[in-house]
Every structure is written in structure tokens, then in C-alpha cells.
Amino acid sequence: MNAGVGETKKQKKEEKEDKKHPTELDQFIAVWFLQVPMNLCQALEVSIVEKVKRENEDMAGRYVFKMFCGERIIGSVTGYDNETSKFKIVYEDCNNDLIDKEILLRTLAPPTLVDWMFDSQRIPRLLCILQQKVLDDEEQEGRLGFVFIENDGVDEHMIWLIELENLFSRHLPHVPKEYIVRRVLDLNNKSVLVIRRNQDVVGGITYRPFLSQGFMEIAFCAVMANELIKGCETRLMNHLKQHARDMEGVTHLLT
């Protein structure tokens, strides 16, 4: 009898000790219950952040307006500044601004105003301003460059001139390639190139300066289609005009 009672007490004692030391399954379940809420919170937090990010990105391209001296000045949202948590705005008077979302929502241009702005050619002018603003930023960041070169035997310059000649040949299929090569590589001619990422030739002009007569003759001009719509051709010609005036002393261009 005493032996049976002793064994029962021993079993109960072992059961208590087992409860004090949970099994691997108990540990897994405990960890799982701790992690699930944390994972759900993290997923929810990421989802909210992504939603806000998408909403901010969707605002790009929307039109806003401000009142200045009793006149509506139209502007466009160009992006979102993460450092200040504000939206970047470029207005048709070439001024830039940063505004928070609350002000942005209050100043969004209604569809009727946008239609009127298109009809009055104010939004097309604004789009031209935006194009130039984008090109300004790309030049400052080094993603876009305008380089003046000639056939001087420098390896990099020769590679760029060959790429420019190929670009002219694609845009002028009816002009003999030998003639294009001769004009581009002519020692009396010079070229201004549009360079992307400091390596890709996406446009250019080949010209011949006649300094004694104060003019230069433009032989070829071409820009890739995807760069043309960004306003690169206008900017390329403006660079050439400024270079001709400041560096060559030229006052007239012959096309």
C-alpha cells in the first residue's frame, strides 16, 4: 500500500516537473503566437506606407492654382519631397514652391479651369516650362550633357563622332552615308553632342564656322525621338547659339 502511494506521488512530481519544462511543441506554439501579431502589425504598417506613397505619386502631373495680384497662376505637381513631406510645384511664372497635402487638395484646379487653361494655351506654355525644368535638373545632376568636339584624334571624341554619324544616317536615309561621314569628320567642321549618362549620344549638330564672315553653317541636326519630345532639340540649339555668340563671335546661323 505504501509502495503504491509512493509511486503515485512520484508520478505527480514528475508531471509537475514536466509542466515546468515545456516541450518543443509548446515552445513553438508560444513563439508562433508572439510572432503572428508582430508580423501582422508590420504587414499593416508596410501596407499603409505603400498606400500613402502611391497616393503621393499619383498627385504628380495634377494641376493647381494660386492667386497673385487678383490673377490665377496655374502650376503642376512635379513630385514629392520626402525630407519636408511636401509636394513640389512649378508654376507658369517659373517660380517653384513646396506645399503640404492639405493646401494641395484645397488648390487643385477644377476640370473647368483646366479646360479653359488648355484653350487659352496657358497649360501648353506651362508644359514647356516643365520640360526645361526637368532638363535643368538632369544637367545639374550630370545625367544630361552638351559637349562641343571636333575631329582632333582623341579616342573618346572619335567614338562619339562615329555614333553621331550613325544617328544622322538613321534620320537622313536618303542622304549618302559617305557624304555624312565626310562632313562629320571634316577637320574644318565641329559638332555639339547631347550625351546621356556621359556615354550615349542621343542627338547632335554638325556645323562649320566661318569666323571671318561672322556666321556658321549647320550641316546636320538630329535628336532621338524619345529625347525630342522632352525638348532636347530646343535646348541643343540654344546651347549652340550661346556657344556661337560667346566663344566663336558668330552672330548668324545658316541652315
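Guide: Before we start, helices (H or I, at least four residues) and strands (E, at least two) here are DSSP runs, numbered from the N terminus. This is a predicted model, where local features need pLDDT of at least 70, side-chain atom pairs count only at pLDDT 80 or more, and totals for chains, interfaces and linings use all residues. Residues are numbered from 1 along each chain as its sequence is written, and side-chain values use heavy atoms, with hydrogens and water left out.

Visitor: Thanks! How many residues does helix α6 have, and how far does it reach?

Guide: Helix α6 (residues 155-171) has 17 residues and spans 25 Å from first C-alpha to last. That is close to the 24 Å expected at 1.5 Å a residue, where the expected span is 1.5 Å times one less than the number of residues.

Visitor: Which residues of α6 are buried?

Guide: They are His 157, Trp 160, Leu 161, Leu 164, Glu 165, Leu 167, Phe 168 and Ser 169. Buried means under 20% relative accessible area (1.4 Å probe, protein chains only).

Visitor: And what covers them?

Guide: The cover includes β5 (144-150), α7 (177-184), β6 (190-196), β7 (200-210) and β8 (215-223), with contact meaning heavy atoms within 4.5 Å.

Visitor: Switching to the sheet: what is the strand order?

Guide: It is an open sheet of five strands, β5-β6-β7-β8-β9, with mixed pairing. Two strands pair if DSSP finds at least two bridges between them. At the edges, β5 and β9 (252-254) each pair on one side only.

Visitor: How many bridges join β7 to β8?

Guide: Eight, and the two strands run antiparallel. Thr 206, for instance, has Phe 220 in β8 as its bridge partner.

Notes: Buried < 20%, exposed > 50% of the residue type's maximum accessible area, 1.4 Å probe, protein only.
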